[in-house]
Amino acid sequence: MKKKFFRGTNDNMFKAIFTPKKNRELLKEFIKRSLKQVLNSDLEDLVILSSEIAKTNVHIKGKTVDVLAETKNEVLNIELNNGYYPALHNRNASYIFSKYSEEVKVSETYNKMKMFIQINLTKGLSKDYPSLEIYMLKGEKSNKKYIDNLIILEFNIDKIKDEWYNGISEYNFVAALDLEGEELDKICEGDKYMELFEKEVKRLNQNQKFTEFMSAKEEEEKLKKTLIEDAIQKGEMKKQIEIAKNMLENKMDVKLISKLTELSISEIEALK
């Protein structure tokens with residue numbers, strides 16, 4: 001059986017590669033290439049912050065981001081999203097908004113606030129979605145910015161990989177996160193920083209303790225997803241049972257109830 005290769009799109013792998021102090025220049029380069037459309041900064045004083053976002057009271061659910069960093073002028077949040085679902089943007093926006101809210105409290109004046117930037121690296125988006133979408137808070141009619149220090153970027157990893165296969169190299173570093181084997185060798189060849197990324201991802205995949213940790217985390221995530229899916233299914237079944245009971249009380253035909261609720265006839269008969 002082929003040994004699993006953990007790619008850079010795995011959030012734990014991404015953090016293990018980019019957040020150690022020895023790889024600070026690698027992180028800076030990745031961020032600079034990702035932000036070239038919206039920001040020109042050398043990120044010279046970049047530091048990694050705790051991934052735990054402060055809770056304002058005991059009733060608020062704790063938030064843990066993938067990567068949080070700051071410079072003298074910017075707060076930067078990177079999120080790895082290995083699947084898209086409708087509430088994903090709500091969840092990720094809550095992270096950067098929380099940090100924005102913290103800055104409002106500590107800034108000397110509103111005019112001296114930092115620039116807040118979130119980079120979303122997302123798999124599972126529609127191919128109709130652009131390679132890079134840039135979100136800013138603007139007026140619908142005037143198209144004027146409501147605030148000028150909050151930007152959210154979302155990279156469509158699947159589309160960026162397709163573009164690389166077709167000879168478009170604009171966001172090769174993002175594409176490299178989700179490649180392995182000969183494809184990873186090819187895309188990184190000749191690029192000093194991407195070759196360093198490849199060296200690190202391969203080194204970590206050869207580290208037995210790290211891969212055991214990664215496998216355990218993966219199993220933990222699978223279990224969590226399974227439990228959530230089971231809870232949803234049980235909730236849906238409960239709803240269908242209640243609907244079937246109401247239909248029976250209204251003297252509806254059992255076969256029709258079965259068709260509408262997808263419960264078996266025997267399950268419906270047991271509700272009588």
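**Talking through a predicted model**

Trainee: Leaving aside its neighbours within four places in sequence, which residues is Ile 117 in contact with?

Mentor: Contact means heavy atoms within 4.5 Å. Residues are numbered from 1 along each chain as its sequence is written, and side-chain values use heavy atoms, with hydrogens and water left out. With those neighbours set aside, the contacts of Ile 117 are Leu 35, Leu 39, Val 75, Leu 76, Asn 77, Ile 96, Ile 151 and Leu 153.

Trainee: Does Ile 117 count as buried or exposed?

Mentor: Buried means under 20% relative accessible area, exposed over 50%, and partly exposed in between (1.4 Å probe, protein chains only). Ile 117 has 0% relative accessibility, so this residue counts as buried.

Trainee: Which strand does Ile 117 lie in, and how many bridges pair that strand with strand 5?

Mentor: Strands (E, at least two residues) and helices (H or I, at least four) are DSSP runs, numbered from the N terminus, and two strands pair if DSSP finds at least two bridges between them. Ile 117 sits in strand 6. Strand 6 covers residues 115-122, and Asn 81 has Thr 122 there as its bridge partner. Strand 5 and strand 6 pair in the parallel sense, and the bridge count is eight.

Trainee: On the other pairing, which residue in strand 5 is the bridge partner of Val 67?

Mentor: Strand 4 (residues 67-70) runs antiparallel to strand 5, with four bridges. A hairpin of three residues joins these two strands. Within strand 5, Val 67 has as its bridge partner Ile 78.

Trainee: At what angle do helix 1 and helix 2 pack?

Mentor: Here, Phe 14, Ile 17 and Phe 18 of helix 1 meet Leu 26, Leu 27 and Phe 30 of helix 2. Axes are lines fitted to C-alpha atoms, for helices over the stretch in contact, with angles from 0 to 180 degrees between N-to-C directions. The axes of helix 1 (residues 11-18) and helix 2 (residues 24-34) lie 8 Å apart, and the angle is about 120 degrees.

Trainee: Where does pLDDT stay under 50?

Mentor: The protein chain averages a pLDDT of 86, and 86% of the residues score at least 70. Where pLDDT is low, the predicted coordinates should not be read in detail. The stretch under 50, with three contacts beyond four places in sequence, is residues 55-61.

How values were computed
This is a predicted model: local features need pLDDT of at least 70, side-chain atom pairs count only at pLDDT 80 or more; totals for chains, interfaces and linings use all residues. pLDDT is the predictor's confidence in each residue, from 0 to 100.
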